[in-house]
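Please look through the sequence and the model shown below, and keep both at hand while you read. The report then takes up a few features one after another.

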Amino acid sequence: MSAFLAWISTLPALAQIPLVLAAFFAVIALLIFFLEIAPRSGRKFTIIRAAACVLIPGLVFLALGSVLWAAAAATLFGALFFYLDYRSRQGAGYLFQLVGFLSPAIFLLAIGLIYPTIQTTIQAFMNSRGTRFVGLENFIWIFTQDTGIRTVLNTFVWVLIVPAVSTIFGLAYAVFIDKSRGEKFFKVLVFMPMAISFVGASIIWRFVYAVRPAGQEQIGLLNQVVVWLGGEPVSWLSNSPWNTFFLIVVLIWIQTGFAMVILSAAIKGVPAEQLEAAELDGTNAWQRFVNVTVPGIRSSLVVVLTTISIASLKVFDIVRTMTAGANETSVIANEMYSQWQGFEVGRSAAFAVVLFLMVLPIVIYNARQIKKQREIR
Amino acid sequence: MISHHYRRAMLPIATLGIAGMVLSGCASGSGGTGGPGDAGDPDGIVTIYGTIADTEAELLEESWADWESENGIDIQYEASKEFEAQISIRAQGGNAPDLAIFPQPGLLADLASRDYIQPAPAGVQANVDEFWSADWAAYATTGDTLYGAPLMASVKGFVWYSPADFADWGVEVPETWDELLALTQTIADKTGTAPWCAGFGSDAATGWPGTDWVEDLVLREAGPETYDKWVSHEIPFSDPAIVSAFDSLGEILLNPEYVNAGFGDVKSINSTPFGDPARALGDGTCALHHQASFFDGFIQDPKNGNATVGPDADIWAFVTPSVEAGGNAVTGGGEIVGAFSNDEETIAVQEYLSSAEWANSRVKLGGVISANNGLDPASASSPILQQAITILQDPDTTFRFDASDLMPGVVGAGSFWTGMVDWINGKSTEDVLSTIDASWPSE
Amino acid sequence: MTATVPAKLPLGKKDRKQLARGEKLGASTRTKKRLTSRGATIAALVIAVLWTTPTFGLFISSIRPPEQILRNGWWTIFQNPGFTLNNYTEVLAAGNSTLNLAGAFINSIAITIPATIFPLVLASLAAYAFAWIKFPGRNWMFIGVFALQIVPLQMALVPLLSLFSRGLSIGDIEVFASLNASNAYSQVWIAHTIFALPLAIFLLHNFVSEIPSELIEAARVDGAGHGQIFFRIVLPLTMPAIASFAIFQFLWVWNDLLVALVFADGQVAPMTKLLAEITGSRGQDWNLLTAGAFISILVPLIVFFALQRYFVRGLLAGSTKG
């Protein structure tokens, strides 16, 4: 694989795209082909499997450049095919298919996310150089100083407000524009904030919140509105605790587009017969919405709320670029990053673990949803 | 039921757990003692990573272009605004550049103490001994080991003003801190507006101009020894010497009669981008502004009104006065070049960058200076830079590096900055200082 | 519809009707009314205006001279006329010794397309397995994968970079060789793929699991293996969900700076990285970012328009219950 990737990187940029995609799809196609034939009986399939026992270790060798792993793969696949061949007479063999479907994703997750998670969790109980076990010291440090507590509280505020408000706005907008003329255009207007990079978004909101002293010409829209209404200009981002809400507005502005796109698609999936039947029953639009549409898109609502909740828990760029956590606006991800950057790995990891713990209620809720859903089926 | 679920849960969790343990158990740890060991190949390419971007990066590349072709080494320079975070990610991730230009000696020391930086090779050591003062060499030294040579420098703590306005008001450049306060009051009386303007805004680094102010006052009021103790946290931020510096600064920055000319009240300091006062200085709405030597570039920027800078021009500057007349202490900043590789080409580049030859080559291109003693002050491109070189090369000058760049990153590039913002917003000095102290690294 | 659902698909008449409904719905009701009611129209307009105004302000600012941006608000452009394309020409000329903006634009494309397709394919395979292959502990495993969404990327960068640049060895045995590709796209592709998987699996699982079980059962009775079911039923029916996730993944990768900073060096840097550097050493030229933001938004909007037809057909989610 190294060799292939090294070779491909010498090509012109745009030529790399089709090549790497072709290689990727070839591997996936091969994988699925074997998944299909693995449990089947018959001489033809046995021969293919035998060939695979030679081919796959060869590919492993090419990919990883290691004889040891190629040998391991040969042993594994040989044993597996033999076992499957034996078992397939009883119509089994799904384990192989399962591995085929799951392993690429699980393998990548293990090296890219699970390993860092375990490492971070260990680091949270170590000192900054990772040389000494310090127990709960890092957590005590977080929860015994004002800024630490404020940081955790702010994160709670974010995760309580952003998902609810974005989903409500996104849902309302999706319903309002549903089936209207110019729906595509309306969608783009609310979707646009999603398409703007965080750098762009931070400039946009810097313009909105900009403040100039009373009597001077305002360059921030919000203060101009305040002045038009006869008020004094306000420094939106310096007065705690309201400044956090003004930062939250930015994330709501971005995430509403996400909620709108997913929910709009879900609404179109609600059977028309049901809506028509409800209409014939003489229900008004609101009743139809509550009794037919909302139950119909329930699982999408859970998905949207969950995804936005996690995005709000992890919010980083907005706080980083707009206040850098000053004026009591800091959130966990920002503190985690600052501590990490300052080589305070232990404290940084402790913040990350607090973040892991805060997501638990969301995980448990989803776990119960999935179980319920499976029971219905 | 419970045990059933438990058993079902165990299989995947155990699998993931084992996978994780295997991976975490065998991640290659780096280090050892006394440097990272040999790294880098002599492949004709030396990569340099730094914060210097855009036009200044072009000048940097121009400064070594001739040397590159003479020596057959290709220097590839890459800049990032996220340098501070990136360099530690890359060092830890095993993808470090050959050389890095550190604007914070504290960061270099952090990486050096974790054995990521190569000790300075003999040639660099010799250049540092020859061309740099002991103060400067100390900033590149951790423990007893020199880890690199300084590159460029800047002098901080200039107060920018308009000589013509001063003449109109009949005032002189102040010699002492008290005279500066008196001058402020005089200007306030004559103009009826706030004399000072200040801007702390700088995105994620908002608050840093305030730390420069505090450092100037600590150095001038408490002296260099206390300053050094403060930097190394032998005395905390809550020490009376530091409190006193904040109080003195508060006489100007927290006084609504004295700030914030052209921008609003005291709190507007935080929301004003640090470059904006250049415009207020140029058009005369602001009489006094405290900023480092690089500010002449901002003042002369066409966007800000094309004011000229020089002793007889629109805008000129004096060094923030000491408590007593005749003080000679200044704060300043600069970069240190640290090496992650020790192949011969990297060493050659490192030696070249620490030589007077490079310093003159770069300074001639304009815009910057160096503390290199082999530098000819005449090469500097502007009056303020010539003055800065004179100050740096004067043997009587007590030079101290910007304290926030020397402190650990969580403080110097974190809680000290946010502390300044909170302080301007009205948080008490005591609370601000104790918060900064609480954030000092654990060990 | 017939283009994506193969004719051999073992669908009942009722199911076919259900599948076709999304399209039918859009067509038949369009003529009926414009917006559901006057109140709704007004509310939608208000939201649209509120959401668009800040961006519009940025757009106006991007065509004003920088000194005017700082002097008066963008809404006074008629009182203080000043119109310039300098911000745009400067941004288009941005670059450093190794890369110019055109090169960075190509890099962005070369990074984004594979980094959108890889996680989609892998995640739909995994989502299918989690939804339709019964195996012990699958709920727990799925929840584990889902919970990985919370892992902050910042924590995962160093281990991953270390893996790419040093490889992995257990004792003296080399498990993987180092990727040795610091000037190639492969690192960015793999990094983005990994970071996208938890959310992609979570979202797609939601849609895959709501395919009517009769369809899957019918196919199984006909002797289709998992591979066939995946290709003939799951993939066509979840295409709208895949398309909507594709848009989001495309946007995230296109606008990403964090991953690019670490994994895309020098010649392979994307636009975001180049644009972040154009504001000068001291950040004084940030007016250029106004123009930069609009240049980089163009491609995501084109993608959104291109994939939008999939939304109209309707996602299957929610259609089978209630």
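## The disulfide

A search of the whole structure, over all chains, finds one disulfide, a term that stands for a pair of cysteine sulfur atoms within 2.5 Å. This is a predicted model, in which local features need pLDDT of at least 70 and side-chain atom pairs count only at pLDDT 80 or more, while totals for chains, interfaces and linings use all residues. Residues are numbered from 1 along each chain as its sequence is written, chains are lettered from A and ligands numbered from 1 in the order in which they are written, and side-chain values use heavy atoms, with hydrogens and water left out.

The partners are B:Cys197 and B:Cys286, whose sulfur atoms are 2.0 Å apart, and the link is left-handed, with -80 degrees about the S-S bond. B:Cys197 lies in the loop between α8 (177-191) and α9 (208-231) of chain B, and B:Cys286 in the loop between α12 (277-282) and β8 (289-291) of chain B, so the pair ties together parts that are 89 residues apart in sequence. Here helices (H or I, at least four residues) and strands (E, at least two) are DSSP runs, numbered from the N terminus.

B:Cys197 has a relative accessible area of 2% and is buried, and B:Cys286 is buried with 3%; buried means under 20% relative accessible area, exposed over 50%, and partly exposed in between (1.4 Å probe, protein chains only).

## A buried asparagine

C:Asn107 lies in helix α5 (residues 101-132) of chain C and, at 3% relative accessibility, counts as buried. Although C:Asn107 and C:Gln267 are 160 residues apart in sequence, they are 8.4 Å apart in space, C-alpha to C-alpha, and the backbone oxygen of C:Gln267 lies 2.7 Å from a polar atom of the C:Asn107 side chain. Not counting residues up to four places away in sequence, C:Asn107 touches several residues (heavy atoms within 4.5 Å), among them C:Leu99, C:Tyr185 and C:Pro270.

How values were computed. A polar contact is a pair of N or O atoms within 3.5 Å; within protein, one must be able to donate a hydrogen and the other to accept it, and residues adjacent in sequence count only if both atoms are side-chain atoms.
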